[in-house]
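Please look over the sequence and the fold shown here before reading on.

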Amino acid sequence: MNSKHFAVIMAGGIGSRFWPVSTRTFPKQFHDLMNTGSSLLQQTFARLQKFIPTENIFVLTNADYVALVHEQIPGLNDYQIVPEPAMRNTAPCILLAALKIQKIEPDAVMLVAPSDHLIEDDDSFKNDILQCMEHSWKNDSICTLGITPDAPKTGFGYIEYQVADSSKLNSVIKFREKPDKETAKQFLAQGNFLWNAGIFVWSIKTIVEAFKENQAEMFDLFTSGLADYNTESETAFLEANYGHAENISVDYAILEKARSIYVLPASFGWSDLGTWGSLYEEKEKDADGNVAIGATITAQNSSGNMIFLPEGKLFVLEGVSDFIIVEKDNVLLMIPREKEQDIKELVARVKKEHGDTLNL
C-alpha cells in the first residue's frame, strides 16, 4: 500500500427514494440492502481497505450520523470522520477533506467515492483507481471514472469525452446534466458518452489549487481553520463556519471549470442503487421475476415484484405484478414499479400529513 494514497467516502445523503427503509435518522448507506451481512458503507470501506491504508480513509457524513459511522466502522480515529454541521452539497465537504489530508500529507493523492454504490469486481475497481491515481500524480490533472451506458437512462449525468487511441484515459469535453429520453438516446448513438458515477481522483495539490482559483470565497473560509483541522478544536470551528459555505456541488464548483480532466471507462460492474428499481435489477429473481429480500414468499399469478419485508415473515401474493412492496417498522409501502420516481414526492406528502412521527 502507498502511504500517500488517501480516500474519502461520501456518506451524508438521506436516500429518500429508498423510503421507508431509508429515513432521515437511518439512511440507506447504513442499511444492508443487498442482504449480504454488511451495510453499503461497510462494503465500501472494506473495498478501499484492500489498497488504501485504513488510517488514510476518511468518511464525510452528516453530523447526526457520526455515531452510526463509529458503530459500523469501529476503530476509526475521530479525525477520520468529518461531520457536516449543515447540508451544503459536495463542494464544501470535499474541500474540507482535502485540507485535512493536506495537513497530514501534502503530497497525497485523493480518491472520492460514494458510500452507497454497488461495485462488482473489487480487483478491477482497485486497478482502475490506481491507474487514475498514477495519472493524476504525474499530470497534475483530475480523473474520474465513467460507466459505459447500457441504456439511455435519464437518472444519471453524462460525461462527454474525446476518444484517445493511445490511452484508456480520455480527455473530458464536458459534463452533461441528466438528459431527457431523446437526448440520452443521442448520447448513446454518438458513442463517446459515459455515465457520471461521482468517483473522482486528484492530487491534493491539484484540487486545493482548483478551489483557490475557482471558489475563492469558499477557499478563504475553510483555510481560515487550518490550525483547527485534525485537532479537538475542529468541531467548534466547523459549527461556527460550515453553514456559511455556498451550497454547491463539486461538479458546478470545480469540474465544469477545471482545465485538465480525464475520464477512464470503468472495467467493473456498477450500480448507484438509487431506487428500489435499481435494487430489483441487481438481485437474483425467482422463476416469475420476483425479488424477495427478508421475507419468504408464496406467489401465485404474481410476477415482477420487488419485495423487501422483515426477516422471517411469510408473504402470500395472488394476482399482484410489477409492484414495489416494502415494510419497515410501522410503515407499509406498495407502489407500481413504474412509478418509483414518485416515492420522493410521496414522502413529502406523508411528512406533511403525519408530521415528523415517522422520522422522515
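A residue is called buried when its relative accessible area is under 20%, exposed when it is over 50%, and partly exposed in between, with a 1.4 Å probe and protein chains only. With that cut-off, the buried residues of H6 are Ile-204, Thr-206, Ile-207, Val-208, Ala-210 and Phe-211. This is a predicted model, in which local features need pLDDT of at least 70 and side-chain atom pairs count only at pLDDT 80 or more, while totals for chains, interfaces and linings use all residues. Residues are numbered from 1 along each chain as its sequence is written, and side-chain values use heavy atoms, with hydrogens and water left out.

**The chain as a whole**

- The chain holds 11 helices and 17 strands, where helices (H or I, at least four residues) and strands (E, at least two) are DSSP runs numbered from the N terminus.
- For 360 residues, a compact globule would have a radius of gyration near 21 Å, and the 21 Å of this chain agrees with that; the radius is taken over C-alpha atoms, and the globule rule is 2.2 Å times the number of residues to the power 0.38.
- Taken along the principal axes, the box filled by the C-alpha atoms is roughly 60 × 50 × 35 Å.
- Of the 360 residues in the chain, 51% are buried.
- Where contacts (heavy atoms within 4.5 Å) link residues at least 6 apart in sequence, 66% of them join residues at least 24 apart.
- The accessible surface of the chain comes to about 16500 Å², and 46% of it belongs to carbon and sulfur atoms; such areas come from the Shrake-Rupley method with a 1.4 Å probe, and for residues only the protein chains shown count as cover.
- There are 32 positive and 50 negative side chains, and the centres of the two sets lie 3 Å apart; Lys and Arg count as positive and Asp and Glu as negative, with His and the chain ends not counted, and each charge is placed at NZ of Lys, CZ of Arg, CG of Asp or CD of Glu.

**Helices H6 and H7**

- The buried residues of H6 pack against helices H3, H7 and H9 (250–255), and also against strands E4 (109–114), E6 (142–147) and E9 (193–203).
- In helix H7 (residues 216–223), the buried residues are Met-218, Phe-219, Leu-221 and Phe-222.
- Seen down the axis of H7, these buried residues fall within an arc of 165°, so they line one face of the helix; the arc is that of the directions from the helix axis to the C-beta atoms.
- An α-helix has 3.6 residues a turn, so residues three or four places apart point the same way.
- The cover over the buried residues of H7 includes helix H3 (90–104), helix H6 (204–214) and helix H8 (234–241).

**Residues and their contacts**

- Leu-48 is found in helix H1 (residues 40–49) and counts as buried at 1% relative accessibility.
- Leaving aside neighbours within four places in sequence, Leu-48 is in contact with Ala-7, Ile-9, Ile-57, Leu-111 and Phe-125.
- Leu-48 and Ser-115 are 67 residues apart along the chain, and their C-alpha atoms are separated by 11 Å.
- Glu-105 has its place in the loop between H3 and E4, and at 18% relative accessibility Glu-105 counts as buried.
- Glu-105 is in contact with Lys-4 and Phe-6, leaving aside its neighbours within four places in sequence, and Glu-105 and Ser-3, 102 residues apart in sequence, are 8.9 Å apart in space, C-alpha to C-alpha.
- Ser-260, in the loop between H9 and strand E10 (261–265), is partly exposed with a relative accessible area of 26%.
- Not counting residues up to four places away in sequence, Ser-260 touches Asp-140, Ser-141 and Ile-142, whereas Ser-260 and Leu-317, 57 residues apart in sequence, are 55 Å apart in space, C-alpha to C-alpha.

**Backbone features in loops**

- A cis peptide bond, with omega about 10°, joins Trp-19 and Pro-20, and Pro-20 lies in the loop between strand E1 (5–11) and H1.
- Leu-273 has a positive phi of about 45° although it is not a glycine; Leu-273 is found in the loop between strand E11 (269–271) and helix H10 (276–282), and is buried, with a relative accessible area of 0%.
- Asp-329, which is not a glycine either, has a positive phi of about 55°; Asp-329 lies in the loop between strand E16 (323–328) and strand E17 (331–336), and counts as exposed at 64% relative accessibility.
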